[in-house]
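Please read them with the structure open.

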Amino acid sequence: SLVGSEMCIRDRVIAMPPKVNYQLELDKLIKAIPTGETPTLLLHSCCAPCSSYTLEYLTQFFSVTVFYYNPNISPAEEFSKRVSEQKRLISELPMKNSVSFIEGDYDPQAFYSAVKGLEHIREGGERCFACYRLRLEKTAQLAAERGFDYFTTTLSISPYKNAQKLNEIAKELSEIYSVKALPCDLKKKGGYKRSIELSAEYSLYRQDYCGCVFSKREREEQKMNK
């Protein structure tokens, strides 16, 4: 019946879990770090602009290693350009603690396998979630293998990325690989705005699409329709 359907819809809405303030969770975690201790963090980075504020902020409290693992990026020249900018930023940005860098393998087939069947889903949907998982899982694996205290990603700094989903996936992976996920919503506290300022200050290359061939195609369609 219509009434029954309305009740089911209402029940589903009520049953939805509340959004978590992951920036508040991070604030609590940082406050609890014992004086004199500097936990280690493996930070997955998608690009230099997104890692700019992230590094400025997190290196105040953590010993950070940037892990550049992005098999979704297309073409190969774009991948190389972003790697170069990431390295340059690390060498130029003043930070409280020094930062190490690990360049992950460029394996586009890993991305295409992860998103198989999701190719035509619009940006921000299930295809992106599969891509989040691919990159976060590799980060969690490496963090566990090398004994890092925490792992996280720069992706949550973007207003176009789903921070709730990113943190949910990271939490799942933390339980699988027995390494702690650092809760983050880096766009909070003006993080995204600050990343734009730092990008301008260091003349960082800022791409106009996420990185994959599908996001590039969607961006080009948007430009044509304007």
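1. The lining of the largest pocket splits into 12 nonpolar, eight polar and eight charged residues. Bear in mind that this is a predicted model. The pocket has a volume of about 670 Å³. Its lining holds 28 residues, and those closest to the centre are Tyr160, Lys161, Asp208, Tyr209 and Cys210. Two or more lining residues come from each of H3, helix H6 (126-145), helix H8 (191-201) and helix H9 (213-225). H9 provides the largest share, four residues.

2. H2, H7 and strand S5 (180-181) each contribute at least two residues. H7 contributes the most, with four.

3. How many cavities of 30 Å³ or more does a search of the whole structure find? There are two. The largest cavity has a volume of about 80 Å³. Around this cavity sit Asn72, Phe111, Glu123, Arg127, Cys128, Cys131, Tyr132, Arg135, Lys161, Cys210 and Cys212. Helix H6 gives the most to this lining, with five residues. The classes here are six nonpolar, one polar and four charged. Note Lys161 and Cys210 in this list. Both are also among the residues closest to the centre of the largest pocket.

4. The second largest cavity has a volume of about 60 Å³. Leu136, Thr152, Thr153, Ser156, Leu166, Asn167, Ala170, Leu182 and Cys184 form its lining. Five of these residues are nonpolar and four are polar, with no charged residues. H7 gives the most, three residues.

5. Now helix H2, residues 22-31. Its buried residues are Tyr22, Gln23, Leu26, Leu29 and Ile30. Viewed down the axis of H2, they fall within an arc of 120°, so they line one face of the helix. The general rule is that an α-helix has 3.6 residues a turn, so residues three or four places apart point the same way. Covering the buried residues of H2 are, among others, helix H3 (48-58), strand S4 (150-153) and helix H7 (163-177).

6. Look at the start of H2. There, a side-chain oxygen of asparagine 21 comes to within 3.2 Å of the backbone nitrogen of glutamine 23. Glutamine 23 sits in helix H2. Is glutamine 23 buried or exposed? With a relative accessible area of 4%, under the 20% cut-off, glutamine 23 counts as buried. Its side chain makes a polar contact with the side chain of tyrosine 57, at 3.0 Å. Leaving out residues up to four places away in sequence, glutamine 23 touches Tyr57, Asp185, Lys188 and Lys189.

7. Threonine 154 has 0% relative accessibility, so it counts as buried. What does threonine 154 touch, not counting residues up to four places away in sequence? The partners are Leu43, His44, Ser45, Cys46, Cys50, Ser51, Thr54 and Leu186.

8. Last, leucine 142, which belongs to helix H6. Leucine 142 is buried, with a relative accessible area of 10%. Its contacts are Leu42, Phe67, Ile102 and Phe148, again not counting residues up to four places away in sequence. How far apart are leucine 142 and phenylalanine 67 in sequence and in space? They are separated by 75 residues in sequence and by 9.1 Å in space, C-alpha to C-alpha.

Terms used: Residues numbered from 1 in each chain as written. Predicted model: local features only at pLDDT ≥ 70, side-chain atom pairs only at ≥ 80, totals over all residues. Heavy atoms only, no water. Buried < 20%, exposed > 50% of the residue type's maximum accessible area, 1.4 Å probe, protein only. Arc of directions from axis to C-beta. Contact = heavy atoms within 4.5 Å. Polar contact = N/O pair within 3.5 Å; in protein donor to acceptor, adjacent residues only side chain to side chain. 1 Å grid on protein atoms, 1.4 Å probe; cavity = no way out; pocket = protein on both sides within 12 Å on 5 of 7 lines; lining within 4 Å. Points joined across faces, edges and corners; volume = space filled by probe spheres on them. Nonpolar A, V, L, I, M, F, W, Y, C, P; charged D, E, K, R; others polar.
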